[in-house]
Amino acid sequence: MAKSVSPNAVSVILANPCPDSSSDFPEIIVQVLDLKATGNKYMFMASDGKMKVRALLQSTLASEVISGNIQNLGLIRVLDYTLNDIPTKNEKFLIVSKCDAVSPALEAEYKAEVNVEGSGTDMKPNQAMDVDVKTESAGIALKPKQEVMAKSAAQIVHDQRGNMAPAARMSMTRRVHPLASLNPYQGNWTIKVRVTGKGNMRTYRNARGEGCVFNVELTDEDGTQIQAMMFNDAAKKFFDTFQMGKVYFISKGTLKLANKQFKTVENDYEMTLNENSEVEEDNNEATFLPETKFSFTPIDELGPYVNGRELVDVIGVVQSVSPTMSITRKSNNETIPKRDIVIADETNKTVVVSLWNELATSFGQELLDMADKSPVVAMKSLKVGEFQGVSLSALSKSIVVVDPHMPEAKKLRFWYDSEGKDTSLAAIGPSLSNRNGARSMYSDRVSLSHITSNPSLGEDKPAYFSIKAYISAIKPDQAIWYRACKTCSKKVTEAVGSGYWCEWCQKNEDVCSLRYIMVVKISDASGEAFISVFNDQADKMIGCTADELNEIKLHDGEASYQKKIKEATWVPHLFRISVTTNEYNNEKRQRITARAVSPIDYATESKYLVEDLTKIKLSKNLLN
């Protein structure tokens, strides 16, 4: 093949940022410089000897690089491309979506300052030139290419279309942009994408009235994903149109920066479609259910996500499945089905996952039928909440896959069969840190009197605070633990004959475990209050598990038991608490619950106190 470079190729590209394949523009052959991989794509500099432009080969062309067809210092014929602006750098960026390899690597970078022999005045501007592979001091010697006239990109595409079936030719009449090339500053564009995720239609109510919304996750042939939202009329128009696994041409949408707290795919932008947007199914593409991509978070690392807006994916072995329950929504008195499952992973932690609506009745029933086999489940897009520690809740967009075929599932199954089923598992408790690394024990710090003197705290929703206090008393007349199922940690009762019956798991076990549940009095310089404490927090306060404390009571006697309890009093702790109100005998009462307990880190505590004193001093100076 003749080795040729199109003169002024980069200038032609810059002058035609969004070329129409039907127009007649010169053939574009450029030299590839500085070729390097970036993920599954390749970056390079496109050069015509005079000018250069930063460029990217789409992932569909990666095989051409891997096979050696496209090489550094080689030549390529650009057949289809998109030219984007980079506003922050004031430069252009070329995305090559179709190209042909013209030549392997030349001996040197092609330069415009070359010796041209016999060109004369008869040489046409769009005529390509053969490259003589010897290198001279003046550059690469060229001679006119008289025998072959270069085809334009439009002619090449026209020839390709001539050999295609009518349906395929029709699909090529539209110019398709890769998702990676889109930005909010572009005008008209058309994308070809597959629906890889579809949410349910949801209703909402705000100051502007009521409405409905749903979203889809779209993936193009390069594997790039984007989330598209539709509201009200657009949602009603396109909800039945979008079907999982089908391919669509979409145009006349808008893009904006994605809200990182709500996005479910890796893309800096999100798309909005309105009632004027165009969505057309591509019937030439086969329909299939795409593979769901997961990014798993270990159970013991869920704490920092509590009450946040970021959704998580988890994988675990099913420990128990509850019967279906009916829950009535306070907002509209609608009754919806709910089912809770308990899963565990290699961190030796368990977490409760609440399934709602169809997930509770379909997947939930499937899990209940096979619960005795301890199946592995992978779940995508779950909300992390706080109920007796950490809990998970499925949303309308959540996906549940039973016994998935993936390496993580095989690894988890091997762990459970070899050691996990015989390991003592504990429920995950809340973390002391949030997602940005700040210590929650040192945020919203208040005194006890601030809570006890404000009886309205927690009336509408739980209020969260941090306090530093001493455990001044543990009520001596209370039962400080309960018998719990080793699988789900729910309360068990003595079974008829022997063993313990778990209503939750619907099974009888020979042994059970003990878990703390108690009320303790805490005090600080401003006052005192009673707080409810559960198992994980009580473990840290008492210094041993409930089973261990029971052993002390049975074998060492009541005196040793009381001594252990006494040792836990008048010890300072940091508490993360929630404050709610409940009604008892027609009287509203505050309920304070310990959500996290931590010993004093005196270095951090001192730093906090110094910062607090500095703030007080500054405020006084401002007042004066």
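1. E281 sits in strand β16 (residues 278-281) and K246 in the loop between α5 (232-238) and β13 (247-251), so the pair ties together parts that are 35 residues apart in sequence. Helices (H or I, at least four residues) and strands (E, at least two) are DSSP runs, numbered from the N terminus.

2. A word on the model: it is predicted, with local features needing pLDDT of at least 70 and side-chain atom pairs counting only at pLDDT 80 or more, while totals for chains, interfaces and linings use all residues. Residues are numbered from 1 along each chain as its sequence is written, and side-chain values use heavy atoms, leaving out hydrogens and water.

3. E281 is partly exposed at 31% relative accessible area, and K246 is partly exposed at 25%. Buried means under 20% relative accessible area, exposed over 50%, and partly exposed in between (1.4 Å probe, protein chains only).

4. Do look at E27 and R77 too: their salt bridge has its closest N and O atoms 2.5 Å apart. E27 lies in the loop between α1 (9-15) and β2 (29-38) and R77 in strand β5 (residues 75-86), so this pair ties together parts that are 50 residues apart in sequence. Both E27 and R77 are buried.

5. The structure holds 17 salt bridges. K52, E109 and K111 are linked in a network of them.

6. Finally, helix α10 (residues 535-542) has six of its eight residues buried, so it is largely enclosed by the rest of the structure. G543, with a positive phi near 95 degrees, follows α10.

Terms used: A salt bridge is a side-chain nitrogen of Lys or Arg within 4 Å of a carboxyl oxygen of Asp or Glu.
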